[in-house]
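Trainee: I would like to check the terms used for this model before I rely on them. Can we go through them one at a time?

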Amino acid sequence: MIKKFISSIVAFGLIMMTSGILVLNPNVAMAATVTTATDTLSRQRASTLSNHEIKFVTPTGMAVSTNMTLVFSAGFTGVGSVVVADVDVAEGSTTSCATSSFTERSMGTGASQFNAAGSSQTVTITAGASATPITAGRCMRIRIGANATDVTGSGPGTIRITNGATGSADTITIAGSFGDAGLILVEIDDGDQVTVTADVSQTLSFDLDVGYTVGENGTPYIVPLGILSAGSVTRSNTSTIKQIFADGGTNASGGMNVTVRNANGNQGLKSTSVGTDYIGSTNGTMAAGTPNYGLCVDSATITGWSRATAYNTTCTVDGATNTIVGLSTTGADILTFATPFSTGHAQIQVNAAISGATPAHTDYADTLTFVATASY
Amino acid sequence: MIKKFISSIVTVALILMTSGILVLSPSIAMAVSISSASDTLSRIKQNTASDHTFLFVTPTGLASTQNMTLTFSSDFTGIGSMVGADFDLAEGSTGVCSSATFTEKSVVTSGATTSQFNIVGAGQVVTITSGGVSATLTAGRCIRIKAGLNATNTTGSGPGTHQITNGALDDDDNIVIAGSFGDTGTISVDIIDDDQVSITATVNQTLSFDLDTGTTAGENGPTYTVAFGTLSSSTVKSSGTTAGVNIIFADGATNASGGMNVTIRNANGANGLVSTSVPADKIPNAAATMVAGTANYGLCVSSNGLAGWAKAAGTYAVGTCVANGGTNDVKGLTTTATDILTSTAPISTGHAEIIANAEISGSTPTHTDYTDTLTFIATASF
């Protein structure tokens with residue numbers, strides 16, 4: 001009879017279990033499983049220091065005075081060196097790890113803080129007795145390494161954990177008294193970086209033109225100053241006396257300099273027929289009646305280049321009181337720039353003045369030579 | 001047998017490589033790039049002879065017997081004519097080309113001693129070769145190489161007499177640096193249609209000349225008159241405020257490269273002031289110092305305010321001459337023009353004060369019509 005009773009109960013139980021009406025649920029006594037669990041490493045290369053950013057949804061949450069263990073598989077090294085400053089713990093605003101905004105917990109040894117410490121292969125995170133708990137169902141973010149930049153309580157972190165060798169199954173196991181459990185598999189590779197190389201050929205372009213307005217024109221380049229007068233300064237303008245236009249570009253890392261030298265040095269414009277008669281060239285501000293001749297660089301229209309230090313003077317197109325720089329037979333910088341530039345443009349103004357005693361000649365002349373040099 | 005031998009060699013090599021004893025290191029054969037590299041040409045115009053100044057930092061340096069090559073792209077010509085004298089090689093004191101001071105090395109074409117460098121061009125390549133242990137370039141230093149007429153240093157050889165000629169207008173010109181010294185680099189240069197601008201100007205001729213008469217300077221006239229009034233044998237009359245006799249002011253300017261001369265001639269020559277009514281009566285003119293009671297008449301040029309011009313040498317430049325002066329040294333007048341003011345260069349503000357002087361003796365005939373006419377002519381020499 002008893003046997004029959006027991007047999008009936010067993011038979012009934014089997015029927016109920018197979019029919020799904022009775023389920024012996026093993027989870028009742030087992031931890032809940034975290035979901036949406038990820039560990040994003042900063043480097044996946046074998047034997048390389050790496051940060052870890054671990055995210056998962058905790059069904060249970062993390063109550064006060066509970067702990068969570070992150071057990072790194074055997075290949076990882078340096079786990080035991082992790083200190084609280086190397087760990088950030090944050091709670092997401094929702095259950096979605098992808099869209100949550102995270103609120104950092106204060107990290108430290110105080111009762112109101114979360115503590116963290118590494119030992120052997122395990123990082124243990126403990127919620128203090130009066131710490132703000134992690135809400136059940138929220139996404140939880142744990143950063144370990146130099147990415148633990150939050151300094152609430154402690155921080156920032158430094159990289160401590162080194163990846164193991166390739167070929168093994170590398171995991172981080174989540175457990176602890178907080179009640180949830182999980183496993184995250186990560187991949188350690190032989191190399192996680194690709195070196196990309198490219199060549200850029202050297203470029204250097206330079207061009208001179210002369211004209212009243214900007215534009216291309218052919219050689220020879222001539223600036224006829226015409227008849228000089230003691231009553232006014234003759235200078236480049238937009239209608240009667242040409243300007244000198246310099247255009248260039250280079251990808252040289254040291255940029256490009258342009259030098260200018262003249263044929264007659266400080267004797268400036270010299271009479272071809274009477275070589276002892278000349279209109280000198282010296283630093284100074286042009287003035288009617290005072291013989292002088294030289295160049296300046298318009299400050300308003302220069303692009304790409306900078307004016308050489310000596311040429312940082314008052315200079316405008318058709319400027320009656322331009323301050324010029326004396327010319328020399330050895331090259332001196334007129335335009336400079338210490339880094340690459342693609343579209344350099346400068347407008348160089350020619351200026352000349354005479355006194356009443358400047359000898360009459362129709363053949364005053366000088367030759368300017370411009371040389372562009374890039375520094376690679 | 002051969003197969004077995006080769007197999008053994010391969011096996012041993014593999015064992016050595018896998019054990020780390022034998023490493024085929026790619027670094028051994030890799031070149032290091034020069035830095036801060038530039039080539040400054042004296043001319044960047046196409047088809048034009050040019051000097052070159054190379055600057056660059058050599059990470060490796062150049063050791064004994066090593067060489068360095070500078071390969072000019074195909075457009076450049078004349079490289080094969082370059083010899084040791086056409087090059088200067090210098091090592092900077094630092095690795096900063098812009099501020100280093102450079103020490104020249106001894107350079108020859110061939111047969112370098114252990115402290116010299118051979119440098120010579122062939123084809124498109126300039127080769128610099130260390131002659132030995134004392135001919136080296138220090139790693140990390142800026143190196144300067146001059147090629148052409150700018151190679152003026154004569155240590156070993158020099159100065160340079162050959163230049164390298166630029167090629168045609170294009171965008172593919174460069175100089176490649178390589179050689180056994182281990183560094184490499186490329187320097188691009190831009191050859192353009194023209195690198196020169198001619199500046200021309202004209203200064204027109206100018207000449208101005210003006211006379212005025214008065215006891216003080218100022219514009220007046222014409223007619224220009226110097227009236228001595230009544231002469232006395234006891235007092236020399238001279239231009240100035242004392243006697244109220246006009247000074248003759250001459251002003252002028254010219255940009256004539258040969259300056260401007262002013263000549264004077266008078267109507268009566270040595271007869272000086274002649275009576276219009278009785279021409280035989282005169283107050284003569286002779287070069288002399290004016291003296292009271294001695295009949296004489298003439299001009300001199302004061303130094304007061306004299307500018308631009310000089311007094312004519314040998315005549316008006318000699319002796320005393322002041323306004324209101326009683327003992328001025330006057331000069332002989334003639335009916336042919338004679339220089340009174342001269343210059344040999346342009347004058348912007350010429351000014352001269354000409355003093356007239358007259359005196360009579362007790363026997364000078366009385367007349368109210370003693371007269372002479374002075375004519376001044378200014379001539380510029382362009």
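This is a predicted model: local features need pLDDT of at least 70, side-chain atom pairs count only at pLDDT 80 or more; totals for chains, interfaces and linings use all residues.

Trainee: How many residues does the contact take from chain A and from chain B?

Mentor: Chain A gives 47 residues and chain B gives 39, with contact meaning C-beta atoms, placed from the backbone, within 7 Å. On the chain A side, β12 (204-211), β13 (221-228), β24 (341-353) and β25 (361-374) each supply at least two residues. Of these, β25(A) gives the most, with 13 residues. By class, that side has 29 nonpolar, 15 polar and three charged residues, where Ala, Val, Leu, Ile, Met, Phe, Trp, Tyr, Cys and Pro are nonpolar, Asp, Glu, Lys and Arg charged, and the others, Gly among them, polar.

Trainee: Why is strand β5 of chain A called largely enclosed?

Mentor: A residue is buried if 20 or more other C-beta atoms lie within 10 Å of its own, exposed if 12 or fewer, and partly exposed in between. Six of the six residues of β5(A), 87-92, are buried, so the rest of the structure largely encloses this strand. Both faces are covered: V87(A), V89(A) and E91(A) are buried on one side, and D88(A), A90(A) and G92(A) on the other.

Trainee: Which strand does β5(A) pair with over five bridges?

Mentor: β9(A), residues 139-144, in the antiparallel sense; there, R143(A) is the bridge partner of D88(A). β5(A) also pairs antiparallel with β6(A), residues 102-104, over three bridges, and G92(A) stands opposite F102(A).

Trainee: In chain B, what is the order of the open sheet of five strands?

Mentor: The order is β2-β4-β11-β6-β7, with antiparallel pairing. β2 (35-41) and β7 (102-104) of chain B each have a single partner strand, so one side of each lacks a neighbour in the sheet and they count as edges. From one strand to the next, the twist averages 20°, taken between lines fitted to C-alpha atoms on a scale from 0 to 180 degrees between N-to-C directions. Inside this sheet, β6(B) (87-92) and β11(B) (142-147) share five antiparallel bridges, with E91(B) opposite I143(B).

Trainee: Is the pairing of the seven-strand sheet in chain B mixed or antiparallel?

Mentor: Mixed, in the order β1-β14-β13-β5-β10-β9-β8. Its edge strands, β1 (32-33) and β8 (106-108) of chain B, pair on one side only. β13(B) (170-178) and β14(B) (183-191) run antiparallel with six bridges, and D173(B) has V189(B) as bridge partner.

Trainee: What pLDDT does chain B average?

Mentor: It averages 91, and 92% of the residues score at least 70, on the predictor's confidence scale from 0 to 100 for each residue. Over residues 5-29 of chain B the pLDDT is below 50, and that stretch has four contacts in the model beyond near neighbours in sequence. The model scores ipTM 0.74 and pTM 0.68.

Key:
Residues are numbered from 1 along each chain as its sequence is written. Chains are lettered from A and ligands numbered from 1 in the order in which they are written. Two strands pair if DSSP finds at least two bridges between them. Helices (H or I, at least four residues) and strands (E, at least two) are DSSP runs, numbered from the N terminus. Two residues are in contact if their C-beta atoms, placed from the backbone, lie within 7 Å.
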